[in-house]
Amino acid sequence: MQPGRLGWKKNGVCVLLAGILVLGAAGCGEKNGDETKITPSVQPEITEPAPQPTEPAEPTRAAAAEPTEPVKEVRTNFYVSTLDEEIPSLSEAWKDYFSVGIALTANDLRNELKEELILQQFNSMTCGNEMKADALLDRAKTLSEGTENCPVLSFKSCDGMLQFCMEHGIKMRGHTLVWHSQVPEWFFMEGYSNQKDAVFVSREVMLERMENYIRQVMEYVNTTYPGVVYAWDVVNEAIAPGDGDPDGMRVEDSLWYQVIGADFVDKAFEYARKYADPEQKLFYNDFNTYEPAKRLAIVKLANRIKEQGNIDGIGMQSHIGMSYPSLDDFETALCKFSETGLEVHITELDINLDSNTEEDLMKEGKRYKRLFFLLKNLMDNNKANVTNVTLWGLTDDGSWLNKDGKRYPLLFNQLLETKPAFWGALLDDGIPLY
């Protein structure tokens with residue numbers, strides 16, 4: 001093994017999800033307090049064979065020892081260097097349940113050690129920022145080569161990531177086509193003006209711009225990198241019940257809503273279905289989906305678009321904390337979304353932790369284990385249809401949460417060592433549920 005290189009085997013390591021605790025099949029899980037209470041099953045006692053007499057009654061015939069189960073070694077070291085040792089593969093461990101994805105930036109793929117870890121652990125990828133509108137819209141070329149109804153796009157930001165996926169057989173979630181954030185204001189203005197006194201275009205012109213934008217993104221990706229993108233986040237974060245819209249739509253900071261109207265979501269899915277490849281799935285994606293008012297608005301929106309035949313799934317971003325939301329609330333949302341008949345993706349999972357003491361990192365590992373245990377239990381009992389779980393970042397130091405100070409929300413630390421969170425996501429016996 002070369003120094004500084006990963007030492008795992010590329011054929012993947014099968015993970016025995018031993019010690020899985022079984023919940024009752026009634027409802028979506030037994031509830032107790034703020035979180036789903038999971039009662040561990042009682043482990044069988046290992047009985048020592050009865051001592052043999054010093055002088056056997058029949059010395060010519062040895063007494064047969066009673067067979068015993070071997071004692072399983074429970075993991076105690078959770079900080080394993082992925083540079084030197086083999087570790088289990090998350091995507092292999094969960095292959096019978098869902099794909100396991102990772103959100104990355106272009107810089108992540110410039111690090112050879114990270115690249116090898118990505119290939120060993122994940123079978124789905126999401127671009128963190130490289131496929132958002134502010135990365136793709138080219139204002140200079142739009143002014144010189146575009147028309148009032150059709151902007152010009154550049155795909156330099158995401159070409160390398162799409163190429164990486166195509167070369168290595170990794171599928172990608174296209175993120176995201178229509179979002180109120182990270183889309184430049186000039187895209188909504190007459191003449192693509194960026195002046196303070198710029199005027200909004202008409203609803204009709206903006207609908208044409210939206211359609212042409214979605215068409216260009218999908219046609220380019222599907223032609224240049226055929227088969228790579230398997231799902232699109234068509235609309236992101238369009239629900240904000242506090243803004244006063246009767247259907248809970250985001251109003252105050254959404255230029256899509258202000259220029260087109262509340263039906264911009266319906267039109268976006270209509271255009272996406274028109275230009276998507278037949279096998280590609282279309283998702284609505286949002287955060288805080290476990291909040292009751294938001295959950296109800298998302299279900300209403302999803303059911304309406306489903307009647308139009310233009311949606312396949314709901315994305316639960318799942319930026320969660322160490323205690324909020326409760327797993328009861330998370331479970332309720334997951335079940336309600338699954339009751340629509342749509343797929344569910346856990347699209348942006350991380351657990352906000354601002355301490356890296358061993359005690360707190362172990363608590364984080366337990367939180368991850370309870371969450372993955374919940375997903376497994378609901379799927380085993382046909383209560384949820386989760387087809388992908390995506391971690392929002394590879395290592396703690398690269399998390400978006402660090403903008404507010406150091407955070408430790410992911411499965412690997414900056415040294416590419418596993419954390420208790422990694423083993424919790426594998427349901428390892430060494431990580432207790434509580």
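**Helix α9 and its surroundings**

Guide: Start with α9. Its buried residues pack against α8 (264–275), β7, β8 (313–316) and α10 (327–338). Buried means under 20% relative accessible area, exposed over 50%, and partly exposed in between (1.4 Å probe, protein chains only). Helices (H or I, at least four residues) and strands (E, at least two) are DSSP runs, numbered from the N terminus.

Visitor: Is this model predicted or what? What should I know about it?
Guide: This is a predicted model: local features need pLDDT of at least 70, side-chain atom pairs count only at pLDDT 80 or more, and totals for chains, interfaces and linings use all residues. Residues are numbered from 1 along each chain as its sequence is written, and side-chain values use heavy atoms, with hydrogens and water left out.

Visitor: Back to α9. Which residues are buried in α9?
Guide: They are K294, R295, A297, I298, V299, L301, A302 and I305.

Visitor: How many residues has α9, and what does it reach?
Guide: Helix α9 covers residues 292–307, so to speak 16 residues. It reaches 23 Å from its first C-alpha to its last, close to the 22 Å expected. The expected span is 1.5 Å times one less than the number of residues.

Visitor: What follows α9?
Guide: G309 follows α9, and its phi is positive, near 75°.

Visitor: New topic. Where is N285?
Guide: N285 is in strand β7, residues 281–286.

Visitor: Buried or exposed, that N285?
Guide: N285 is buried, because its relative accessible area is 0%.

Visitor: What does N285 contact?
Guide: Leaving aside neighbours within four places in sequence, N285 is in contact with H175, D233, V235, N236, E237, G315, M316, Q317, T347 and E348. Contact means heavy atoms within 4.5 Å.

Visitor: What does M210 touch?
Guide: Not counting residues up to four places away in sequence, M210 touches W256, I260, F264, K267, A268 and Y271.
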